[in-house]
Structures are given as structure tokens and as C-alpha cells.
Amino acid sequence: MLPSTSIFIMVSPILIMTAIVIMAIGIMYRIREQILSSIGFLFLGLSFIAGVLALNKIDETLIIEYGWKYQYVKLLEAGIINPFKGPISPSYVQLGGWTDASGLFILTSLFLVIGAAILSYIGALMAGLESKKAVVAPAIVFIIGILGIYYLNKSVSALIIDEDVVKSLAYRDTGSLLRGASIIIAFAITTIGTAIVYLETRTRDYLLYAVSFLLSGIGWSLFATSWTTHFEKLSIFQFISTGTVTTPVTIYLVAAFFIVVGAIGLLLASIIEIVSSTMAGMEGEEVLEEIEVEEVEVEEA
């Protein structure tokens, strides 16, 4: 069974490498949308890297300082110890097990929100909005995400300073809902924007763009369900009942599959767009050459 660390390590390099390749293509051919989308996916990849660092810190503390067995720590990673979610109730994990990683929790969510805001800007541009008007979409997504981070921070303070578990979990769920909404809204905007371009142009590259953003959005939507207290209780109940957490891990794997396939699809769409543009340019040059030859023949006659 794959723990969260392995899943995060699998997803993050794929997102980052995809971002780097798309950025190289965008810079080479001076395509603004590709450059921006690459930056957005780069931040999403960095959010998983920050998540891996947080998980490693928590795992190390639980195993070394609190004597947890390695297999139990890995079993609870999927449903309980999630850096995208926030602080865990002391009923499940000792406070000292995750407080040292609270800063990485914030960083993980911050990278996520920045990536979501950038992607929503691309979607707004694709939908036909002018640059000034298109800024409204990322501003809304960013504000929603930052509010989610604010409530995440409040949940940490409520648990550590006030020792109020009820308030802490309520703040955490509110923050999770807001951060989940920010990334889902971002992918919804990009999917709609690229779909609009496809309907106008009927080109296969923008169809693939729309499908890729849609698949990524589905993946992030599934992943965001793991940030709630309900998901946490489900994991604990299954662990007590069966000694495993099959459902949370399955949800993680399905979410990772959609996120990765969406990223790869975006890369393929970028390559198809460049190839199509290059072939169209070559055909245009051939037509111009034929016209020039015909003009010369007419002048000679």
C-alpha cells in the first residue's frame, strides 16, 4: 500500500517537469498562455514538495520522539496526517508530532493558492476577457485561498494556544473548504476558457487543453475531499475495523491519476499546438513562394 509520501513524490516531479517543458516551449515560441500555465503548474508541484517535507518532519517526530511504529505512521498518512489539511486532533496524534511542521502546512497551501490564481487568469484570458478584466478571476480565487490559509492558521492557534479542539477542527474545515474551492474554481475557469476557444477554432489542441484541465480539476476535487474531518473519521473507523485504510488510499491514488494525466495531457496539447502552428507557417510560406513564382512568370510574359 502506498503512503501519502510516495504519492506526493510521484506527483510533484511530474507536475514540475511538465511545467518546465511547457515553459521552454512558451518562451521559445513566445506564447504567453503557455508560460503562465507552466508557472501555475510549477507552483502546484512545489505545493506537493512542501507537503513531502511536512510529512517527513511529522513522521520523523512520531517515530523517534513518540515511539510510533513505522507501519502505523504510514497507514495513517493518507487519512490523518495530511499537510494540505492542517492540524490533527490530539486524540489521534500528539500535538508535538505535527506542530514543528505547521509552517510547512502554510507553505503548502500558499503554493497551492498561487498556482490556482495563475491558472484562473489563463482561463479568463481564454474566455475572451481583456487583460484588465481577466485579473478579476485570479483576484477572487486568491482571496478565497488566502482566507482558507487564514482559517488554517486560526485552527493551529486554537489548538496550541487555546487548547480548544472543537474550534480548531471547525476552523480547519472552513479553511479546507475555502482552499478546496479556490483550486476547483481555478480549474473550472480554465476548462471553460479553453472549451470556448475550441468551440471557436475547432482545433484538436484546444480540445485536449480543455479535457486536460477538466481531468486535473477532477483530481484536485477528489484530493480536496481528504482535507475534511469527515474523511479523517472515515479513516480512523476503517483502521479500527479492518486494520487498514484502503478507502483513503484508493481516493488518493485516483486523485493522483487524474492530476498526473491532466498534466501530461496539457504537455501533449502544447506540443500539438506548436506542431500545428509550425506546419501552418510552412504551408503559408509555400503558398507565398508559389504566388511569387507566378508573378515572375507573368512579368516575363
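Does Glu-163 count as buried or exposed, and at what relative accessibility? Keep that one in mind while we look at the whole chain, which is a predicted model.

Let's start with the overall layout. The chain has ten helices and zero strands, so if you follow the elements from the N terminus on, you read α-α-α-α-α-α-α-α-α-α, where helices are DSSP runs of at least four residues. Of the 301 residues in the chain, 47% are buried.

Now back to Glu-163. You'll find Glu-163 in the loop between helix H6 (136-160) and helix H7 (165-201). Its relative accessibility is 65%, and exposed means over 50%, so Glu-163 counts as exposed. Check its backbone too: phi is positive, about 55 degrees, although Glu-163 is not a glycine.

Arg-30 is another residue to look up. Arg-30 sits in the loop between H1 and helix H2 (32-64). Here phi is near 55 degrees, a positive value in a residue other than glycine. Is Arg-30 buried or exposed? With a relative accessible area of 78%, Arg-30 is over the 50% cut-off, so the label is exposed.

Next, have a look inside. Rolling a probe the size of a water molecule over the atoms shows where empty space is left. How many cavities of 30 Å³ or more does a search of the whole structure find? The search turns up one. The largest cavity has a volume of about 50 Å³. Its lining is made of Ile-7, Phe-8, Val-11, Phe-48, Phe-223, Tyr-252, Ala-255, Ala-256 and Ile-259. Two elements, helix H1 (4-29) and H10, each give two or more residues to that lining. H10 provides the largest share, with four residues. Sort the lining residues by type and you get nine nonpolar, no polar and no charged.

Together with Leu-268, Ile-271 and Val-275, Ile-264 forms a nonpolar patch on the surface, and the four have about 310 Å² of accessible area together.

Key
Residues numbered from 1 in each chain as written. Predicted model: local features only at pLDDT ≥ 70, side-chain atom pairs only at ≥ 80, totals over all residues. Heavy atoms only, no water. Patch = residues over 30% accessible without salt bridge, like charges linked within 9 Å, V, L, I, M, F, W, Y side chains within 5 Å. Areas by Shrake-Rupley, 256 points an atom, 1.4 Å probe, with all protein chains shown as cover. Salt bridge = Lys/Arg side-chain N within 4 Å of Asp/Glu carboxyl O. 1 Å grid on protein atoms, 1.4 Å probe; cavity = no way out; pocket = protein on both sides within 12 Å on 5 of 7 lines; lining within 4 Å. Points joined across faces, edges and corners; volume = space filled by probe spheres on them. Nonpolar A, V, L, I, M, F, W, Y, C, P; charged D, E, K, R; others polar. Buried < 20%, exposed > 50% of the residue type's maximum accessible area, 1.4 Å probe, protein only.
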